[in-house]
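Have the sequence and the 3D view open as you read.

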Amino acid sequence: MPLDETLVRECGFTESDGYRSMSAWIAEGNVPPALFAANDPAAIGAMTAITEAGLRIPDDVAIVGGGNIHYGDMLRVPLTTVAWSTSEMGQNAARLLVAMVEGKKRSKEQHIIVEPELVVRESCGAAKAILA
């Protein structure tokens, strides 16, 4: 699927950033049927703007965030999110730092992939199909 640049919006990473960006999008009258926010707080702000505008999540706008914020499953519409292990990230970072300090690694650039996990909840609209 080709990237449609008109569907990419600058937002930020806070709830107020997500709210402000989504409110502007709604005011333009060209709201997409689904969106992926930069992180969960921005997604939560966007969700607030969506519901204040009288739109329904996920029926009118499906939404996914990132980071698996600790209360995302307790929202009025539980937030679908992409999660990753911050513990694994920290352990890998510590190993790299120790190796650099001990002189075992000369290169500062390392690529370690921490596998993400899609946590499907109601906000994306897919939870009904999975639970059925």
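Which helix gives the most to the lining of the largest pocket? That would be H1, with four residues.

## Before you start

This is a predicted model, where local features need pLDDT of at least 70 and side-chain atom pairs count only at pLDDT 80 or more, while totals for chains, interfaces and linings use all residues. Residues are numbered from 1 along each chain as its sequence is written, and side-chain values use heavy atoms, with hydrogens and water left out. Helices (H or I, at least four residues) and strands (E, at least two) are DSSP runs, numbered from the N terminus.

## The largest pocket

About 420 Å³ of space lies in this pocket. A pocket here is an open set of points on a 1 Å grid over the protein atoms alone, where a 1.4 Å probe fits, with protein on both sides within 12 Å along at least five of seven lines; lining residues have an atom within 4 Å of a point. The volume is the space filled by probe spheres set on those points, which are joined across faces, edges and corners.

The lining has 23 residues, and Leu7, Arg9, Trp25, Leu35 and Phe36 lie nearest the centre. H1, strand S1 (34-36) and H2 each supply at least two residues. Sorted by class, you get 18 nonpolar, three polar and two charged residues. Nonpolar covers Ala, Val, Leu, Ile, Met, Phe, Trp, Tyr, Cys and Pro; Asp, Glu, Lys and Arg are charged, and the others, Gly among them, are polar.

## Helix H2

H2 runs over residues 40-52. Its buried residues (under 20% relative accessible area, 1.4 Å probe, protein chains only) include Ala43, Ile44, Met47 and Ile50. Among what covers the buried residues are helix H1 (15-28), strand S2 (62-66) and strand S3 (80-83).

Now look at the ends. At the start, a side-chain oxygen of Asn39 comes to within 2.9 Å of the backbone nitrogen of Ala42. Just after the helix, Gly54 takes a positive phi of about 85 degrees.

Asn92 sits in helix H3 (residues 86-101). Is Asn92 buried or exposed? Asn92 counts as buried because its relative accessibility is 15%. Leaving out residues up to four places away in sequence, Asn92 touches Ile112 and Val114 (contact means heavy atoms within 4.5 Å).

Gln110 is in the loop between H3 and strand S4 (117-119). With a relative accessible area of 32%, Gln110 is partly exposed, a label for values between the buried limit and the exposed one (over 50%). Gln110 and Ala93 are 17 residues apart in sequence and 9.7 Å apart in space, C-alpha to C-alpha.

Definitions and conventions
The expected span of a helix is 1.5 Å times one less than its number of residues. A polar contact is a pair of N or O atoms within 3.5 Å; within protein, one must be able to donate a hydrogen and the other to accept it, and residues adjacent in sequence count only if both atoms are side-chain atoms.
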